[in-house]
Amino acid sequence: MQIDQLDIRQGTANTPQRSHGNCLPYVGVPFGMNYFSVQTDGSAGSWFFQPDSPRFEGIRLTHQPSPWIGDYCYFLMTAVQWQSSATKPDLVGNYRPNAATFNAHHLALIDDHFRVRTELTPTTYGAASRYQFDQLIAEHHGLAIQLPDQGSFMLTATGIDLYTNDYHGGEDPDLKLYASLTLPDIDLAHSGYYDHDQQWHATTQATGQNLTILIATTAMTFETRLATSYVSADQATLNRTRLNDQSVETLLNESADQWNQYLNRVTVTDHHPATVKTFYTCLYRLFLFPQRFYELDVNQQPVHYDTTAHQSKPGLLYTNNGFWDTAKTVYSLFTILAPELLPKFLKGFLTSYQETGFLPRWLAPDERGMMPGNLVDSVIAESAKKGLAKDLMPALLAAMQASDTAATNTRYGRQGADAYEKYGYIPADQYNESVNWTQDYSYSDYCIGQVADVLGQSKLATNYWQQSHRYLALLDPQTGFLRPKNADGSFKPNFIPDRWGTDYTEGSAWQNSFAAVHDLPTMIDAFGGDTKFSDQLTKLCNTAPTYQVGGYGMVIHEMAEMAAVDYGQLAISNQPSFHLPYLFAVAGHPEKTQVTVKQLRRLFNASPTGFPGDEDNGSMAGWFIFACLGFYPVCPADAEYVFGIPAFDEVVIHLADHDLTLTTQNNHDHNNFVQQRQLETSPMTANKISHADLLKAHQLTTRLGLVPS
C-alpha cells in the first residue's frame, strides 16, 4: 500500500479525558525535523486538532510528540484576506474535513472563508506550499504568520526570516527555531505586524511577544519555500536554498518516495482490506519518531544545537522520544524492517550522553525526565544481541554504567539509585511509583549485563545479571502481586489490587506486577509455578475493569479507557500491558495468548478513533503490527519473539538479502487458534523463535483451527 492511500487522521479524535490515540495528523517525511498539522482550535492547548471540526486556524509547524509533553518552537501559517490593517482582522477560516487531503506527504484543503486553496508538501527541514486564491474579496491578501511567544522577524522583497522562542522547560530557555521563507511579489507597503496589544505596525522587522505578521502579496497564486534550523539563521537559509530549484511536484514525489521506501518493505495480501489499511497506517506512525535534531552544514556534515552548552556542535542528535513507551515495540520493529536505522539512532543517543553525562529517558527536545526507568538500555541491549552497531557498543556500555547512578537533577540517571543499592529495591516510603522503578531498574541491570556479555566482559555481565533479580524482593506470593515495600522491609499496609498511582505508574498492581520480562522463568517459579501464574493472568483478564483513583486523586484518561475497552484488567490501552497477552504462552498456554491477541486486534482501526489509548510515538502502532505478524518481543534484550497468532493470509517482509514470507492457512474469522507452525519445511513446537532464526528463514507457515491443538 502506498502513502497516498493512507489518511493520517488515525487516532486524532481526542480530549484530555479520553484518548483514541492522542495523535496529530503529522504531515512530514520519516523522522523529519518538523511536522505540519492543521490547527482547528489553538485555545484547546495540546488538543489543537479535531478531525471533524470545520474550523481552520492555519497550518501549524509543530514539534509536539505528545499532548502530555506539549509543543515547542512552533508557529502558525494561514493564507488570508483582509480589508484594512487598522483593526486586526479575524484570521480564522473554514474548511471541509471530508473534502481535504490528509496524506503524510501532501496536505490540501480549501478555505471557504478566505477563498483559497492551500497545499503543502513536507521536506526534511521545511516544506513547499502553494496558495491559490480563486476570488479577491478584500483589499489585501497574503500570508499570516503567528508566533506564540517571544519572536522576531525581518521582511525582505523575497520573503521573511524569523525565529520563535517559546520556553519549553528544557536546558536552554533561549532555544530558538529559525525559519527562512520565500514568497513572491511581496507588497511591503501593506505588510507589517500586530503586537501583543493588537496594535498595527507597518514595518519590515520587529522583536516581541505574540507577534502576528501579515505579508501582503500581489499574486493570486503563489508558492513558498520554507526551511528551519535550531543551529542559526544562516543554517535555516542554507536549508532553504537547497529547496529553491525544486518544484512542488518534485518535492511531493520525493516525500512520497521516502515514505514508500519504508511501507514497501512489507507486502500484505489478505481478504480483510480494512485490517490491511490499519496495518499500513500504523506503519506510517511507526516511522515518525524519533525526530531529527541535527542538520547538514555547508559540507553536508551533521551539525546540531547542544542545549546544555548553548552552542552548535558536529554530530547526530535525535529528539521527541520516550523510551518507556517505544522500547517495547518500535525499536524491535526497526531491527526487522529497517536495521540500518539503529546505528544512527544509537549514535544520536550517545551524543545526548556525551553532552549531559546521562543516556536519555524522554527527549523533547532535551531531557524531560518523564516516566520511570532507563529503558533506552533495552534498545541498546537488543541492538547488541542482534549484532547491530557493534562499533558503538563499548562506548554505549560505558554510558549505560554511568547512567545507572543518581543525579543532582532528577531528570537524569536513576532516581533513588542509592536506596536501590542499599535495600535492593526502591522503598515506597521514600519514592513514588516504587514498584515500577524497581522493576525497570532490574530490567536495565539485565540489559547492561547483556551488552557486557556481547563484549566478552563476563564478570561484569554476571554482576549485573545478579542484580536483575532484585524485583523479587517486592513479590508477595500470597496475593500474586508485586507490592510496594517500605525501607524497613515490610510491605506497605492496606493493599488494594486495583488502586492506581502512588506505588504504580499509570495503572494498579494488576497491570504492573509482571514487568520483569527478562526473568520470567524465575518470576513464574516465585509465583508458584506455571499453573498459578497462568491462573493469575486469567484472573487479570476476567476481573472487572474497576479502579480506585488512589494517588492520582481523580479519574485519569487511562482509567476511563481501560473501563471503556472492557477487557478485564488487561489494559491494552497503555504500555505496561503490551506484553501481558503473550505471558500465557510463556507459561505454557499459547492458546490463551492466541485468542486474547486476536480479540484485542479488533480494538484498532484506521479511523480517528482507531486506537484504544495513547499511541505514543509509534509504540501502540507497533503493538498492532506485531499482533498482525504473529509474534512479539516480550523481552527485547533477549533478541527473540514469543508467538501469538497472525492476522493475514500472507505477509512478505523484504529483508536486505531475501524475502521472508509469513503464510497463514485456514485464516478464517472463526479460527482463533494455531494448530501448527512450520519453519521452512520443519514443524515447530516451541512457543518462541530467535531473531537470528527468524531473519535467516524464507518461509514461516501457520495453520489455524477452530479449537486449540
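## Aromatic contacts in a predicted model

Let's start with a group of rings: Phe 31, Tyr 262, Phe 287, Tyr 294, Tyr 318, Phe 323, Tyr 331, Phe 334, Phe 345 and Phe 349 are joined into a cluster by ring pairs. Please keep in mind that this is a predicted model. Searching the whole structure turns up 46 aromatic pairs. One of them is the stacked pair of Tyr 582 and Tyr 632, with 4.8 Å centre to centre and 10° between the planes. Tyr 582 belongs to helix H15 (residues 580-586) and Tyr 632 to strand S29 (residues 631-632), so this pair ties together parts that are 50 residues apart in sequence. Tyr 582 counts as buried because its relative accessibility is 0%, and Tyr 632 is buried too, at 2% relative accessibility.

An edge-to-face pair is formed by Phe 604 and Phe 611, with 6.0 Å centre to centre and 90° between the planes.

| Charged residue | Ring | Distance of charged end from ring centre |
|---|---|---|
| Arg 60 | Phe 48 | 3.8 Å |
| Lys 176 | Tyr 163 | 5.1 Å |

In the Arg 60 case, the charged end sits over the ring of Phe 48. Likewise, the charged end of Lys 176 sits over the ring of Tyr 163.

How values were computed
Residues numbered from 1 in each chain as written. Predicted model: local features only at pLDDT ≥ 70, side-chain atom pairs only at ≥ 80, totals over all residues. Heavy atoms only, no water. Phe/Tyr/Trp six-rings, centres within 6.5 Å; stacked < 30°, edge-to-face > 60°. Helix = DSSP H or I, 4+ residues; strand = E, 2+ residues; numbered from the N terminus. Buried < 20%, exposed > 50% of the residue type's maximum accessible area, 1.4 Å probe, protein only. Lys NZ or Arg CZ within 6 Å of the ring centre and 35° of its normal.
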